[in-house]
Amino acid sequence: MYYDDAALFPENMTPLIITAAPYGPTWLPGDAEDIAVTWDDQVKAAVDCYKAGATMLHFHVRDPETGHLSANIDHYNYLLGRIKKEVPDMIMQVGGSIAFSPKSDGAKAEWLDYDTRHMLAELDPKPETVTIAIGTSMFDITQMWTQEDVKGTHMEDPKVIEQYAGMFTDAGPAFYLEHLKRLRKSGIQPFFTLAHIHQLEIVERLIRNGAYMGPLNTNITIYGGGGCGYNPFDWMHWLQRQPQGATVHFWGSMRVTAVAIPLGMILGHHVRVGIEDNLWNSRRERMSTVKQIEGIVDLCKRFGRKVATGKEAREIMKIGVTYNSVDETLQNLGMPPNRVGGKKGFTVFETNGKKRTDEPAGDSHPIPKAAVAAAAAAK
């Protein structure tokens with residue numbers, strides 16, 4: 001990103017896009033006062049966020065019968081249809097971590113793990129965007145938390161914390177190459193949710209090799225535990241490496257959001273708030289998603305930056321736009337052109353999108369069994 005002499009004056013900034021994350025998949029009913037369970041309450045949560053000033057909704061679905069997160073694609077289609085009808089200007093951003101359950105034993109036997117994630121491209125009505133991870137990484141969101149952060153929630157149980165501490169984001173090339181193809185075919189824009197700067201480097205390679213051609217909407221994810229943590233120098237380095245034509249959204253975790261989210265707004269970028277990321281204000285008082293949105297809107301008024309309307313948010317993120325060549329993509333993102341005759345490596349290859357049984361590695365070397373298998377395949 002490039003900052004000229006007048007870039008930090010609020011009147012020169014694009015209007016702020018506020019993403020609301022009110023569905024809180026980490027939490028159970030009772031963990032926060034504003035967790036929506038019934039269909040009507042889940043619709044109301046979206047409407048309330050929009051009225052408070054959010055123009056993008058990070059979308060998950062809770063099964064009203066169980067109170068837990070749903071893996072039923074019919075539930076997603078139903079709730080998407082209702083919310084789009086109630087708040088048609090709001091951008092729907094479906095969380096890409098979902099894997100839908102097969103509807104029959106036969107389908108379960110036939111499908112592999114990635115098939116159920118690729119079904120995000122089949123949602124009807126279509127969301128404007130789906131989050132996509134690029135590059136497998138550890139995702140221990142509890143590493144940065146304290147006992148006070150989970151006070152009054154089911155996370156006070158050490159066994160629950162242990163389960164969350166073992167999470168990984170599984171996003172190797174066999175997944176993301178196929179997923180990007182399917183999203184493009186369905187007219188759904190990917191939103192690149194990255195854990196650290198080296199995953200941003202992979203995205204650049206995908207762009208330079210033509211595996212992705214479109215606007216770049218991404219974030220700085222400040223969660224720690226395998227991804228970017230709470231050191232602001234890391235945030236600034238990441239921001240420095242972002243292409244000029246990208247939109248950058250700051251996502252925080254727990255009380256660091258009281259620092260990171262206002263900073264993102266002041267630097268001219270966009271923000272996400274809600275109980276999915278944080279339950280507290282800086283004084284350790286519970287804070288609902290709507291209250292978090294209202295707090296950012298109030299900060300914008302004091303600072304002098306405009307909050308984006310739904311129409312403006314769509315224009316800023318270039319919703320519905322695709323590009324038809326590598327050069328067109330690079331030009332629109334403000335990235336240097338590819339070096340003529342430059343070696344591009346093996347970033348892109350044909351894949352059926354199915355999950356492989358990858359062999360582990362240690363000390364930067366493949367385990368011998370993997371090397372033997374690779375040698376056999378080469379014959």
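## Helix H10

A residue is called buried when its relative accessible area is under 20%, and exposed when that value is over 50%. In this predicted model, the buried residues of helix H10 are Thr-289, Gln-292, Ile-293, Ile-296, Val-297 and Cys-300.

The buried residues of H10 pack against strand S1 (18-20), helix H1 (39-52), helix H9 (257-266) and strand S10 (270-273). At 1.5 Å a residue, the 15 residues of H10 (residues 289-303) should span 21 Å, and this agrees with the end C-alpha atoms, which are 21 Å apart. After H10 comes Gly-304, with a positive phi near 105 degrees.

## Strands S7 and S4

In a regular strand, the side chains alternate between the two faces of the sheet. Strand S7 (residues 189-192) is covered on both faces, with Gln-189 and Phe-191 buried on one side and Pro-190 and Phe-192 buried on the other. Strand S4 (residues 129-132) pairs with S7 in the parallel sense over four bridges, and Thr-129 stands opposite Gln-189 in S7.

## Nonpolar cores

The largest nonpolar core has 77 residues, of which Ile-18, Leu-57, Phe-59, Ile-83, Phe-192 and Ile-293 touch the most other members. Apart from this core lies another, of 14 residues, which includes Trp-27, Ala-32, Val-160 and Trp-280.

Leaving aside residues up to four places away in sequence, Ile-83 touches Tyr-23, Gln-42, Val-43, Ala-46, Leu-57, Phe-59 and Met-92.

Methods. Residues are numbered from 1 along each chain as its sequence is written. This is a predicted model: local features need pLDDT of at least 70, side-chain atom pairs count only at pLDDT 80 or more; totals for chains, interfaces and linings use all residues. Side-chain values use heavy atoms; hydrogens and water are left out. Buried means under 20% relative accessible area, exposed over 50%, partly exposed in between (1.4 Å probe, protein chains only). Helices (H or I, at least four residues) and strands (E, at least two) are DSSP runs, numbered from the N terminus. Two strands pair if DSSP finds at least two bridges between them. A nonpolar core is a set of buried Ala, Val, Leu, Ile, Met, Phe, Trp, Tyr and Cys residues joined through side-chain atoms within 4.5 Å. Contact means heavy atoms within 4.5 Å. The expected span of a helix is 1.5 Å times one less than its number of residues.
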